[in-house]
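We will go from stop to stop, and at each one I will tell you what to pick.

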Amino acid sequence: MSEIELEIKGLNVDYGLGEQSVHAVRDVDLTLRRGEVLGLAGESGSGKSTLAYGLTRLLPPPGVIRGGQVIYHPEQGEPFDVLGLSDRQLRAFRWAQTSIVFQGAMNSLNPVHKISTQLTDVLRAHEPGSTRAARLARARELLALVGIPADRLDSYPHQLSGGMRQRVMIGMALALRPKIVIMDEPTTALDVVVQRQILGQLVGLRERLGFSVLFITHDLSLLVEFSDRIAIMYGGRIVEQASAAGLHKDSLHPYSHGLLHSFPALRGPREELSGIPGSPPDLRSMPTGCAFHPRCPHSFDPCVRRVPELGAPQGRPEQDRSVACWLHPAS
Amino acid sequence: MSYLLRRTGFYLLTAWIAITINFLLPRLIPGDPVMSLINRAQGQLSTQAIQSLYVLFGLNKDESIFVQYGHYWAQLLHGDLGLSFAFFPTPVASVIADSLPWTLALVGITTLASFLLGTALGVYAGWRRGSWLDLVIPVTTFLSSVPYFWLGLIAIALFAGVNGIFPSSGGYEPGLVPGWDPDFLLSAVQHSLLPAVTILLSSMSGWILSMRNMMVTVAAEDYVTVAHAKGLSERRVMVSYAARNALLPSVSGFALSLGLVVGGTLLVEIVFSYPGLGFELFQAVGAKDYPLMQGIFLIITLSVLAANFVADLAYLVLDPRTRREG
Ligand SMILES: Nc1ncnc2c1ncn2[C@@H]1O[C@H](COP(=O)(O)OP(=O)(O)O)[C@@H](O)[C@H]1O
Ligand code: SF4
Ligand SMILES: [Mg+2]
């Protein structure tokens with residue numbers, strides 16, 4: 001088993017305070033290993049973005065972190081809790097260790113600044129000693145990395161296509177050679193062909209540069225293809241975690257199963273679309289026990305009463321798998 | 001480029017229309033400006049004198065309207081706006097030239113100061129919601145909702161008059177001769193302070209509010225979150241990602257208020273009897289001084305157009321999206 005890069009432990013995130021608050025992320029434990037692509041999937045509203053914002057401390061108001069730890073393991077030196085960093089330490093940590101490519105590909109670039117400005121200001125902030133020429137050279141390199149001609153440096157965002165803009169964002173994410181790149185539905189707004197081009201490119205870059213990726217999407221079939229491991233999120237909790245191949249072959253949680261069959265497979269024989277009946281839970285009034293029970297075809301006696309813990313299922317020889325379902329109680 | 005040409009063409013056309021309307025209006029309205037001057041002279045004018053007055057005012061009945069229009073343009077291009085009735089025979093152009101600097105100095109500087117100060121406060125208030133700056137907003141909003149007339153009179157009652165520290169009217173000490181000497185300048189500044197502060201108080205809240213609201217909107221934009229995620233300094237994110245974009249909608253508002261500077265803040269100048277263009281217009285209306293009114297309106301119209309043109313240029317510089325070709 002490879003080294004640990006980032007450990008999320010018992011993370012809880014709320015929107016708002018007191019009675020009216022929404023628990024968007026609940027007791028999430030998640031581990032990212034060096035160099036892997038970890039996929040995070042779940043229906044819209046399951047808390048994926050909130051998890052990503054929470055672990056980088058970028059939650060928009062009224063989001064608050066109510067508890068937990070986000071332990072980062074640098075290559076050298078002691079592991080530390082990102083949630084405990086001072087503002088100054090946090091600014092130095094951001095982008096240098098973890099960078100993010102956001103959902104809103106179209107709006108991630110400031111329309112009034114040139115591409116070059118937006119690529120170089122991050123270099124200037126983190127490497128104040130660098131010269132302007134050196135920063136521009138690096139910006140050119142970054143564009144080359146994602147296959148964009150260097151003359152685009154002088155362009156404004158509106159002069160680029162959606163795909164190009166998202167490529168610029170990926171290039172920008174790699175500006176400081178971070179160890180972790182978080183991608184929150186980075187290609188959702190793009191057409192399928194461009195999506196796959198960009199993802200292919202990303203996987204290639206990861207092999208060359210050796211960063212790990214937390215890849216968030218609601219499209220599980222995309223993850224099965226591009227990631228090493230997959231975590232499934234439902235109602236703010238992780239409900240299953242397994243290797244991509246393992247999950248694809250044999251999903252244990254009924255929700256994972258439902259998700260896998262909600263999208264037509266991209267490769268191989270087309271399967272019937274089944275989807276999942278019912279709608280995602282209301283975070284303000286969650287069902288008792290297993291949050292999925294109102295929609296679960298296998299719901300039985302304990303499901304309504306007790307929350308199933310995420311753990312390695314009993315009697316399963318394969319390692320590195322955990323699930324939160326009474327059908328597969330933890331050992 | 002072609003955008004710029006189109007805008008230039010648009011403004012030239014509008015200016016032409018405005019000038020033409022300015023030519024036609026006195027010829028269309030019932031009543032006769034020369035008659036009103038003659039009435040004032042109470043029959044002491046000979047027929048010949050009356051005829052020469054008509055010629056003087058460009059209202060020569062013997063010429064066709066097209067010839068008159070040609071004369072009108074020729075005069076205009078020489079900076080000749082006709083003769084004032086009230087200050088007869090002083091040319092309108094020199095009456096305006098006397099009062100325009102006062103207005104430009106007082107209203108121009110305060111408009112600029114109000115915009116800069118209000119916008120800066122709005123930036124901070126929007127960026128740090130919930131700080132003490134939020135208290136500024138109800139106060140300035142209250143001040144701007146007080147009718148200006150009132151605000152001015154209260155200011156005069158409190159700070160001017162017999163016991164006050166500020167003079168209550170005029171642009172300078174009556175005994176002084178306008179010029180670039182310290183006595184006169186000091187007196188001019190002293191006279192302008194009270195009106196300037198009242199203008200600031202009543203106009204600043206608009207800038208604060210609109211900038212604050214835009215800051216709040218822009219702060220939620222993805223590119224601002226990205227800027228935070230990049231670990232840029234708080235200041236850099238606030239200025240160059242949030243405020244820079246939030247400023248755009250204010251630019252046209254600012255241009256408009258700059259255009260209105262020339263008209264003077266009529267009320268301000270009336271309340272403080274300030275020798276500016278607005279006060280001049282007020283007097284011209286009272287005296288039925290048509291050529292002067294016409295001249296002032298023309299200046300106001302053209303300056304509003306010029307300010308809008310400048311706003312378009314500013315947009316071109318500030319927002320690259322408007323630079324789109326085609
Ligand atoms: N700014 C916010 N204020 C209040 N609730 C929010 C906010 N953002 C997200 N939420 C709630 O948190 C839940 C999770 O949202 P999100 O993390 O965006 O889900 P996902 O990314 O999986 O679609 C949603 O149910 C949503 O209602
Ligand atoms: S715990 Fe019960 S309700 Fe929940 S997924 Fe498993 S079987 Fe279905
Ligand atoms: Mg999301």
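Start by selecting L13(B), W16(B), I17(B), I21(B) and L25(B), which make a nonpolar surface patch of about 480 Å². Such a patch takes residues with over 30% relative accessible area and no salt bridge, with nonpolar side chains (Val, Leu, Ile, Met, Phe, Trp, Tyr) joined within 5 Å and like charges within 9 Å; areas come from the Shrake-Rupley method with a 1.4 Å probe, and for residues only the protein chains shown count as cover. L13(B) belongs to helix α1 of chain B, residues 2-28.

A word on conventions: this is a predicted model, where local features need pLDDT of at least 70 and side-chain atom pairs count only at pLDDT 80 or more, while totals for chains, interfaces and linings use all residues. Residues are numbered from 1 along each chain as its sequence is written, chains are lettered from A and ligands numbered from 1 in the order in which they are written, and side-chain values use heavy atoms, without hydrogens and water.

The C-alpha atoms of chain B fill a box of roughly 85 × 65 × 35 Å along the principal axes.

Move to chain A and select E3(A) with R34(A). They form a salt bridge, with the closest N and O atoms 3.5 Å apart (the rule is a side-chain nitrogen of Lys or Arg within 4 Å of a carboxyl oxygen of Asp or Glu). The partners are 31 residues apart, E3(A) in the segment before β1 and R34(A) in the loop between β2 and β3 of chain A. Over all chains, the count is 22 salt bridges.

Next, pick D27(A) in strand β2 of chain A. Its phi is near 45°, a positive value in a residue other than glycine. Then go to P61(A) and P62(A), joined by a cis peptide bond with omega of about 5°. P62(A) lies in the loop between α1 and β4 of chain A.

How values were computed. Helix = DSSP H or I, 4+ residues; strand = E, 2+ residues; numbered from the N terminus.
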